[in-house]
Amino acid sequence: MVMHNVAIDTPREINIGLLGCGFMGKCHTNAYKKIPYIYPAAKVAPRLKVLCDQNAAIVEREAARYGFEEYCTDWKELVADARIDVFDNCGPDPVHPEPCIAALKNGKHVICEKPMAIRVEDARRMRAAAAAATGMAMCTFNYRFMPAVRFAKDLIAAGRIGAIHHIRVHYLQMAGHDPSLPPDKVWYSRWPFSGGLQGIGSHAIDQCRFLVGEIKSVSALVRTFNKDRAIPSAGCPADVVSDEGAAAILDFENGAIGVVESSVVATGRKNFLGWEINGSHGSLHWDLEHPNSLFACLAGVGGDDSLLGFTEISVTESGHPYVGDWWPQGHNIGWEHAQIIEKFHFLDAVANNKPLCPFNATFEDGYRVAVIIDAMRRSSRTGQRTDIQY
Ligand SMILES: NC(=O)c1ccc[n+]([C@@H]2O[C@H](COP(=O)([O-])OP(=O)(O)OC[C@H]3O[C@@H](n4cnc5c(N)ncnc54)[C@H](O)[C@@H]3O)[C@@H](O)[C@H]2O)c1
């Protein structure tokens, strides 16, 4: 056996303190482990320092399994730990505001899972904390980092589809389609349940803002179809309901019309995010079930309409956004990779003093999505079109 004898520049170590070792805790940890060897030139080395979870029975086991050096069960201990550079909040939705605000006050860089906060007042406090902080703050709208989504954004910015007239976005899942399931098994949250609009609608709204621009007003229906689910959680009022489906018409500042729809009772749909954008000179279509394909109709004015239609572009060329660091053309990448790419861009910004905007979603973006969701809820209650005011 021959030992390698290659000198590798010392990368900048970034100590990670991660809250929550469930689905997202595993997903973010996976990203940190892969970043050093996928992105060697950036010289960023996330170090899995402390894993925190209130569940003492699993946090010790998961810390050992994931490779964290230490673990704890109290997030206050984690955000006060002077060794931690990046606090990563993968806790349930109600556990986002206080730990993130405390971590920012303690000078940490912060990653917070979406939705940033259930209540718009909390999202406003988080935005203010981020604005006053020395650290960077990201809300994880990870679909921004699918190469086909970013490629679409670049085509739009280059004027390739002209002025945008329409966007139709949907995010459909079926986790709640069985009405006998209790809310805990349906939503991405424990009590107080944030609902499907916060859980997945937030991603769809972020795609609207990311690709088309700011929204002026909304007219929405937000509905709970199964009002009598069992309510098992302690402290949860018997009459609590969380939304299962939402639809809204969006009026954009640039004159575009949007339709956004989210559902957690879309029977048969496992994780179906997708959109179509129609512009004066072309159209774009993408969905998560075909994550590497951007369907594009380009240069549609003044030519031969008989040849117009959608072309499937395999967004797997090394020159396509984010792809060059991964595999050769045609070797697909997916949901997991966008999570890794997103975390890399955040750590690269932290380590190498680069800006987060315009591609990483910031706490300003998380706040704006919370404002839009709040406006959709009010519009549904009142039956009125509702202005967006930040
Ligand atoms: N970006 C995405 O695509 C995506 C996908 C799924 C979930 N999410 C979001 O990620 C977050 C986490 O979701 P998940 O599916 O990983 O949840 P999960 O239930 O699988 O994991 C949450 C973990 O947090 C722990 N926890 C709860 N309260 C705590 C507290 N006060 N202190 C310490 N630990 C606590 C729980 O014990 C659990 O291990 C949610 O905000 C959710 O909306 C994002």
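Hi everyone. Let me start with a term: a residue counts as buried under 20% relative accessible area, as exposed over 50%, and as partly exposed in between. Please keep in mind that this is a predicted model.

With that, take Ile 249, which sits in strand β9, residues 245–252. Its relative accessible area is 45%, so Ile 249 is partly exposed. Together with Ile 257 and Val 259, Ile 249 makes up a nonpolar patch on the surface, and the three share about 240 Å² of accessible area.

Next, Leu 288. You'll find Leu 288 in the loop that links β12 (283–287) to β13 (293–297). Is Leu 288 buried or exposed? It is buried, because its relative accessible area is 11%. And what does Leu 288 touch, leaving aside residues up to four places away in sequence? Its partners are Tyr 143, Met 146, Asn 271, Leu 273 and Trp 335. Phe 272 is 16 residues from Leu 288 along the chain, yet their C-alpha atoms are separated by 5.9 Å.

A disulfide is a covalent bond between the sulfur atoms of two cysteines. Cys 21 is buried, with 5% relative accessible area, and Cys 72 counts as buried at 5% relative accessibility.

Notes:
Residues are numbered from 1 along each chain as its sequence is written. This is a predicted model: local features need pLDDT of at least 70, side-chain atom pairs count only at pLDDT 80 or more; totals for chains, interfaces and linings use all residues. Side-chain values use heavy atoms; hydrogens and water are left out. Patches are made of residues with over 30% relative accessible area and no salt bridge: like charges are joined within 9 Å, nonpolar side chains (Val, Leu, Ile, Met, Phe, Trp, Tyr) within 5 Å. Accessible areas come from the Shrake-Rupley method with a 1.4 Å probe; for residues, only the protein chains shown count as cover. A salt bridge is a side-chain nitrogen of Lys or Arg within 4 Å of a carboxyl oxygen of Asp or Glu. Helices (H or I, at least four residues) and strands (E, at least two) are DSSP runs, numbered from the N terminus. Buried means under 20% relative accessible area, exposed over 50%, partly exposed in between (1.4 Å probe, protein chains only). Contact means heavy atoms within 4.5 Å.
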